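Here is a short briefing on aromatic pairs and a helix contact. Please keep the structure open while reading.

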Amino acid sequence: MVASEEPASTNVNRSGQAGWPEIVPKFSEAIPEWKAAWPIHVYLTSVAYIMILVVSIYLFYLKIQDNIHKRGRNNQLSLALYCNLGLSALARVCALLIDPYSSRPSVEPVVFHLLWALSVPAFTAAFTMLLLALLDTTKKYKTPPFFHKTRNIVMVVMVNFIFVILLELLVQFFVEAKALLIVCQGTYIVFNLFLTVGYFIAAKRITTNLVAEAQGYDKDFNKALKRLIYSIYACSVLSLLTCVSHIYAMVGVYSVLSPVRYAEPWPWWAFQSIQRGLELMLCFTVLIIIWGKHTSHQTAPIAATSQQATFQASGYVQLTSATKVNNAMKE
């Protein structure tokens, strides 16, 4: 038993009027029952998102300092990735600290839902940009020319933001449109399947093409290459687990079409903790992948520019190596 059996044709907000259709606990009863578990969930995840925000801002600053004179596609994708990752983390932090899961009676529910929704297109944009860069390194799967221009990247991201905001407002004020959330969840599930397959293909191709040719490099570089590949595989696995969790949210007891009114407190708390954990692990794994470029002034590229092993990952996925790598690149 994970939810109240009291049927309801629509969910209600804290004022007793028609409100957001997703199934949540009755917070006035659940929060006292959770005791310390509630602030632990809210503030621990908020701190994690703040860390992601700070690192994203720092990487953005370094990219500006390193590449202010360059105007290539890789630079544009890098800046867009950092911006979207930082924006998504900022939106999550604001939502959790202002009105976590729309649980505070003093705040209008639309505030939380808009802030929460704004993070979704930012997350999807960041994860997609990284995947496009990784697929570029395989030399077999190239980024479409459409994404070579900044204005096209901005246009796609803005269309995504506008669509999400309009959807949230529509469902917030017209609960009869709650079926649109199923469409949105289904789209996000398909997107995570795309990430699962894409990251797996990228890791597999990089492994096949490059690992054998990296044997001549120093030990530290080989470790860095393995760390990169393992991190890409981790993105694939985490995307798959995220997909499974959203399938459960779409068809299970927390579905907007569920006949129940309130979720049971502890199962709901555990499910939200799992979802936040998967999301945070994916964000930190992405940061691990893109961090290596900024750890040293000497970098080795991660894609082949000839039949010999040189390594470059589309301008921002780069690995630190020792002098031997640089010498090998010159030969």
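Contact here means heavy atoms within 4.5 Å. The model is predicted.

**Helices α1 and α8**

- F27, A30, E33 and W34 in α1 meet P265, W266, W268 and W269 in α8.
- By class, this contact of α1 with α8 has seven nonpolar residues, one charged residue and no polar ones.
- Two packed helices are described by the angle between their axes and the distance between the axes.
- The axes of α1 (residues 27-34) and α8 come within 10 Å, and they cross at roughly 75°.
- Angles of 65 to 115 degrees count as roughly perpendicular, and α1 and α8 are therefore roughly perpendicular to each other.

**The Y101–W268 pair**

- The structure holds 17 aromatic pairs.
- In the pair Y101 and W268, the ring centres are 5.2 Å apart and the planes stand at 80°, so the pair is edge-to-face.
- This pair links distant parts of the chain, 167 residues apart.
- Y101 lies in the loop between α3 (73-98) and α4 (109-137), while W268 lies in helix α8 (residues 265-291).
- Y101 and W268 are both buried.

**Aromatic cluster and a charge over a ring**

- One aromatic cluster is formed by F27, W34, W38, Y101, F112, W116 and W268.
- The charged end of R92 sits over the ring of W116, 3.8 Å from the ring centre.

Technical notes. Residues are numbered from 1 along each chain as its sequence is written. This is a predicted model: local features need pLDDT of at least 70, side-chain atom pairs count only at pLDDT 80 or more; totals for chains, interfaces and linings use all residues. Side-chain values use heavy atoms; hydrogens and water are left out. Rings of Phe, Tyr and Trp (its six-membered ring) pair if their centres lie within 6.5 Å; planes under 30 degrees apart count as stacked, over 60 as edge-to-face and the rest as tilted. Helices (H or I, at least four residues) and strands (E, at least two) are DSSP runs, numbered from the N terminus. Buried means under 20% relative accessible area, exposed over 50%, partly exposed in between (1.4 Å probe, protein chains only). A charge sits over a ring if NZ of Lys or CZ of Arg is within 6 Å of the ring centre and within 35 degrees of the ring normal. Axes are lines fitted to C-alpha atoms, for helices over the stretch in contact, and angles run from 0 to 180 degrees between N-to-C directions. Angles under 35 degrees count as roughly parallel, over 145 as roughly antiparallel, 65 to 115 as roughly perpendicular and the rest as oblique. Ala, Val, Leu, Ile, Met, Phe, Trp, Tyr, Cys and Pro count as nonpolar, Asp, Glu, Lys and Arg as charged, and the others, Gly among them, as polar.
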